[in-house]
Amino acid sequence: RGIGISPFYERAGAGPSMPSHDAARVTVDGTGGAVVVFGAPSIGQGIETTMAQVAADALGFRIEDVAVTWTDTTHAPVSLGGTRASRAAVVISGAVGRAAQAVRRQILDVAAVLLQANAADLSLRDGQVWLTGENAPKMSAAEIVRIGLLRTGLPAGLEPTFEATKFFEP
């Protein structure tokens with residue numbers, strides 16, 4: 001009788017001794033919808049929902065505005081590690097989060113030009129751009145992307161593709 005303690009250690013995400021060979025791409029189009037693409041397959045662990053939530057949180061979108069696809073080797077970023085154990089949740093979600101943050105920065109940079117505001121004073125929530133201290137959104141992400149893709153009135157050097165592909169090293 002008594003209290004037993006059993007520590008357990010397991011390496012997760014196949015890192016840091018193993019480099020990441022998985023990337024994720026996030027794209028936002030003129031409808032305000034985001035598409036997340038990666039190469040690791042789903043094996044029934046809910047990876048689609050997980051990656052949609054990671055992208056939605058990082059972008060400032062609603063989860064229903066994010067579509068997730070994987071394993072089409074013609075279009076998906078490289079994936080050599082595959083899906084196993086906790087690897088997808090660690091490595092691929094890290095790549096999705098980094099790519100979504102890069103796209104979010106592009107949206108806010110274009111919004112700053114269009115709204116004549118400082119990008120640091122803007123936020124994205126539920127697919128809408130908000131100015132700090134305001135009670136209503138200023139523009140939708142869809143409007144910003146449509147204008148940004150036309151590059152109308154944007155300064156030289158600002159190249160909004162509203163797309164990013166990133167790796168994540170655990």
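The chain exposes about 9300 Å² of surface, of which carbon and sulfur atoms supply 53%. The structure is a predicted model. Of the 170 residues in the chain, 41% are buried. Along the principal axes, the C-alpha atoms fill a box of roughly 70 × 45 × 30 Å. Among contacts with a separation of 6 or more, 69% are between residues 24 or more positions apart.

The secondary structure consists of 3 helices and 7 strands. Their sequence order is β-β-α-β-α-β-β-β-α-β. Four of these strands, in the order β3-β2-β1-β7, make up an open sheet with mixed pairing. Strands β3 (66–70) and β7 (163–167) each have a single partner strand and stand at the edges, so one side of each is left without a neighbour in the sheet. On average, and with direction ignored, neighbouring strands of the sheet are turned by 15° against each other. Strand β1, which spans residues 23–28, runs antiparallel to β7 and is joined to it by 5 bridges. Within this pairing, R25 has T165 of β7 as its bridge partner. Helix α1 (residues 47–59) packs on the sheet, where it touches β1, β2 (34–38) and β3. The direction of α1 makes about 135° with that of β3.

The largest nonpolar core contains 40 residues, and the members that touch the most others are V28, F38 and I107. Two or more residues each come from β1, β2, α1, β3, α2 (87–115), β4 (122–125) and α3 (141–150). Helix α2 gives the most to this core, with 13 residues.

V28 is placed in strand β1. This residue counts as buried because its relative accessibility is 3%, under the 20% limit used for burial. Apart from residues up to four places away in sequence, V28 touches G33, A34, L59, F61, V103, I107, V145 and F162. One of these contacts, I107, is also named with V28 among the core residues that touch the most other members. On the α2 side, the contact is made by I107, V110, A111 and L114. The residues of α3 that take part are A141, I144, V145, I147 and G148. Two of the residues in this helix contact, I107 and V145, are also touched by V28.

Q106 lies in helix α2. With a relative accessibility of 16%, Q106 counts as buried. Leaving aside neighbours within four places in sequence, Q106 is in contact with E159, P160, T161, F162 and E163.

Note on methods
Residues are numbered from 1 along each chain as its sequence is written. This is a predicted model: local features need pLDDT of at least 70, side-chain atom pairs count only at pLDDT 80 or more; totals for chains, interfaces and linings use all residues. Side-chain values use heavy atoms; hydrogens and water are left out. Two strands pair if DSSP finds at least two bridges between them. Helices (H or I, at least four residues) and strands (E, at least two) are DSSP runs, numbered from the N terminus. Axes are lines fitted to C-alpha atoms, for helices over the stretch in contact, and angles run from 0 to 180 degrees between N-to-C directions. Contact means heavy atoms within 4.5 Å. A nonpolar core is a set of buried Ala, Val, Leu, Ile, Met, Phe, Trp, Tyr and Cys residues joined through side-chain atoms within 4.5 Å. Buried means under 20% relative accessible area, exposed over 50%, partly exposed in between (1.4 Å probe, protein chains only). Accessible areas come from the Shrake-Rupley method with a 1.4 Å probe; for residues, only the protein chains shown count as cover.
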